[in-house]
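Hi,

Here is the model I promised to pass on.

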Amino acid sequence: MNSYLWFVGKRTLQLLAVIFFGVSATFLVTHLSPISPVEAVLGRMTARSNSAPEAIIAMRAALTELYGVDEPILNQYFNFWLRLFRGDLGPSLLAFPTPAMVLVGRAMPWTVGLLTLATLITFVVGNFLGGLAGYYQNNRLLKAFGIVAIGIQPVPYYIVAFILLIIFGFLWPVLPISGGFAMNVIPGWNWPFISSILQHAILPAASLVLVGFGGWFLGMRALVSNVVTEDYVTYAELAGVEHSTIVNGYVIRNALVPQLTALAMALGGVFSGTVITEQVFNYPGLGSLLIDAVNAGDSTLVLAVSTVSVTAVALAIFIVDLLHPLLDPRVRAE
Amino acid sequence: MFAVFRDLIRYNIEFAIGLVLVSIIVVFALLSFFSPVDPSLIYITIPDQPPSAQYWFGTNSRGQDMFWQLSTALRNSLSFGIIVAVISRVISLTVGLLSGYVGGWVDRALMFVNDIFVAVPIFPVLVLFYFVLRNDMNSFTLALIMACFGWPFDARLIRSVALGLKHREFTRHAVFAGMGTRKILLEEHLPYVMPIVFSTFMNNMLWSIGLEVTLAVLGFTNINNPTIGTVLYWANSHSAMVVGVWWWIVIPVILIVMTFLGLFLLAVSMNEYIDPRSRLRRMGA
């Protein structure tokens with residue numbers, strides 16, 4: 001157990017470093033840019049109106065104070081961290097004067113829900129079928145799965161989501177293709193609302209599952225086809241242990257350990273995929289918020305979404321990494 | 001080299017299919033050099049013509065011949081992928097070989113940086129860069145940024161191979177013969193990791209082209225530079241599917257799926273080729 005605590009300590013340090021560097025980099029990128037947020041906002045606000053020059057100067061002064069850009073960059077940086085700890089990055093422009101963090105907080109459950117649901121389905125189903133395919137190498141159905149997996153896996157998230165959108169939006173319109181729930185239901189713990197949420201989640205989740213499934217399936221199949229050549233598997237077979245017990249108890253379990261490491265490493269990419277998919281289906285999560293923020297030129301909100309994304313993904317990877325030694329009996333035994 | 005190719009085509013159906021797909025795509029992309037029309041011009045043909053003998057892939061609502069438009073778009077997308085892959089390969093080779101061979105604090109420091117890059121979700125970061133750079137974001141800047149994020153996985157892979165090479169007899173011989181670190185890495189270790197470099201090259205191209213398509217469809221790149229992504233962007237902005245100009249969307253999607261499938265099959269079969277056990281199993285030995 002001592003070694004596990006040591007591992008947790010080391011990993012926590014790494015987590016803090018990742019968050020620190022990630023958030024600092026996000027800050028630096030937005031603040032070292034040649035484009036000033038004040039001028040960008042001013043340009044947008046005055047584009048469609050004839051404001052008096054005095055009004056523009058007053059607006060510029062107010063915005064400069066709001067963004068605090070007249071201070072030296074180091075001060076801005078410290079202020080940024082202080083405000084981040086207080087969970088307040090300032091008002092957003094997209095929905096002025098709602099704080100950016102409130103918007104992020106509203107979008108967060110959608111993304112987390114979609115991501116968790118899709119990743120769980122993909123990981124469990126992909127690994128289970130991949131394990132079976134690696135063990136029963138002559139099964140026709142599992143071979144067919146392999147071909148499908150190879151066919152879909154390389155296609156980027158956006159294109160798969162787009163194809164689903166075309167199929168279910170234009171050719172066979174049976175599923176809702178936009179939004180998080182129907183407009184005519186009352187949000188709350190009632191069945192119409194929940195079923196509406198589930199229905200709207202089908203297509204985004206399906207595109208994530210379709211893309212993600214192949215990777216786990218192919219990875220697990222390759223791992224298992226190496227494990228089955230091990231002596232202990234041959235021994236178990238000769239000893240007359242049932243095939244299903246061998247597959248589930250000995251083969252898949254052993255091959256699952258490296259797959260869990262892979263899950264931790266893949267989470268960043270899956271998050272990006274979720275964000276992209278959300279945009280296609282207009283799902284009210286972080287992805288759509290980010291795109292809206294960019295289109296509105298809202299630097300506070302862009303900074304907030306990026307910061308939260310970097311932190312959340314680092315945390316998720318951290319949690320998966322902590323689970324890892326617990327599933328590996330070799331580490332537990334130490 | 002030719003014998004390897006012959007064996008791959010003969011024993012590996014995936015490689016053969018991948019090769020055919022990629023060849024079609026590459027030939028189509030190369031045709032753009034002979035394009036009779038300037039793909040950046042608009043309204044030079046009759047808009048919204050379905051595919052026909054005159055316009056093989058139809059024309060779009062902006063009055064462009066889709067055949068030449070897509071040919072140029074594919075060329076731009078492919079060369080974008082190649083630029084990203086080359087730059088990120090250089091980074092991952094340097095990091096991987098150095099940290100595997102030198103070890104110690106160099107290894108720890110490089111892998112620490114590596115872990116940070118693995119944990120960063122790339123898409124929000126790219127959007128952030130677009131937000132900051134806006135119109136200064138040309139495809140080369142984008143390629144540079146993506147290359148800076150595309151190396152960590154492969155660096156780890158190369159490092160694991162380099163770790164094994166470090167303790168091999170020939171490395172020790174080279175050290176005793178007085179070869180410097182740079183020379184050992186370049187002349188002794190590099191050839192061993194080249195197969196990995198090739199197969200990750202394709203995967204990296206897939207990854208970067210996919211992200212470019214995504215960014216372009218959202219309008220977050222230079223939308224006047226024809227790539228597969230920007231073609232889809234314009235199709236979306238003209239509501240091509242609703243208007244019924246389906247070929248404007250369906251044909252680029254088919255082309256991009258062909259590209260991805262082809263490159264992926266090549267990468268997979270090359271991966272398998274690197275692992276001699278699976279190669280033998282396939283050849284029936």
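How many salt bridges are there between chain B and chain A? The count is zero, taking a salt bridge as a side-chain nitrogen of Lys or Arg within 4 Å of a carboxyl oxygen of Asp or Glu.

Some housekeeping before the rest. This is a predicted model, where local features need pLDDT of at least 70 and side-chain atom pairs count only at pLDDT 80 or more, while totals for chains, interfaces and linings use all residues. Residues are numbered from 1 along each chain as its sequence is written, chains are lettered from A and ligands numbered from 1 in the order in which they are written, and side-chain values use heavy atoms, with hydrogens and water left out.

Back to the interface. Chain B puts 41 residues in contact with 45 residues of chain A (contact means heavy atoms within 4.5 Å). Between them the two chains bury about 3,800 Å², 82% of it on carbon and sulfur atoms; that is the accessible area (1.4 Å probe) lost when the two parts are put together, summed over both. On the chain B side, Leu128(B), Phe131(B) and Val132(B) lose the most area to chain A, together 16% of what that side buries.

H5(B) gives the most to the side of chain B that touches chain A, with ten residues. That side divides into 32 nonpolar, three polar and six charged residues (Ala, Val, Leu, Ile, Met, Phe, Trp, Tyr, Cys and Pro are nonpolar, Asp, Glu, Lys and Arg charged, and the others, Gly among them, polar).

As for chain B itself, its secondary structure comes to 13 helices and zero strands (DSSP runs, numbered from the N terminus: H or I of at least four residues for helices, E of at least two for strands). Its C-alpha atoms fill a box of roughly 70 × 50 × 30 Å along the principal axes. Of the 285 residues in chain B, 52% are buried, meaning under 20% relative accessible area with a 1.4 Å probe, protein chains only.

One spot in chain A to click on is Gly130(A), in helix H5 (residues 100-135). Gly130(A) counts as buried because its relative accessibility is 0%. Leaving out residues up to four places away in sequence, Gly130(A) touches Val125(A), Phe217(A), Met220(A) and Arg221(A). Ile252(A) is 122 residues from Gly130(A) in sequence, yet their C-alpha atoms are 9.1 Å apart.

Cheers

Note on methods: Buried < 20%, exposed > 50% of the residue type's maximum accessible area, 1.4 Å probe, protein only.
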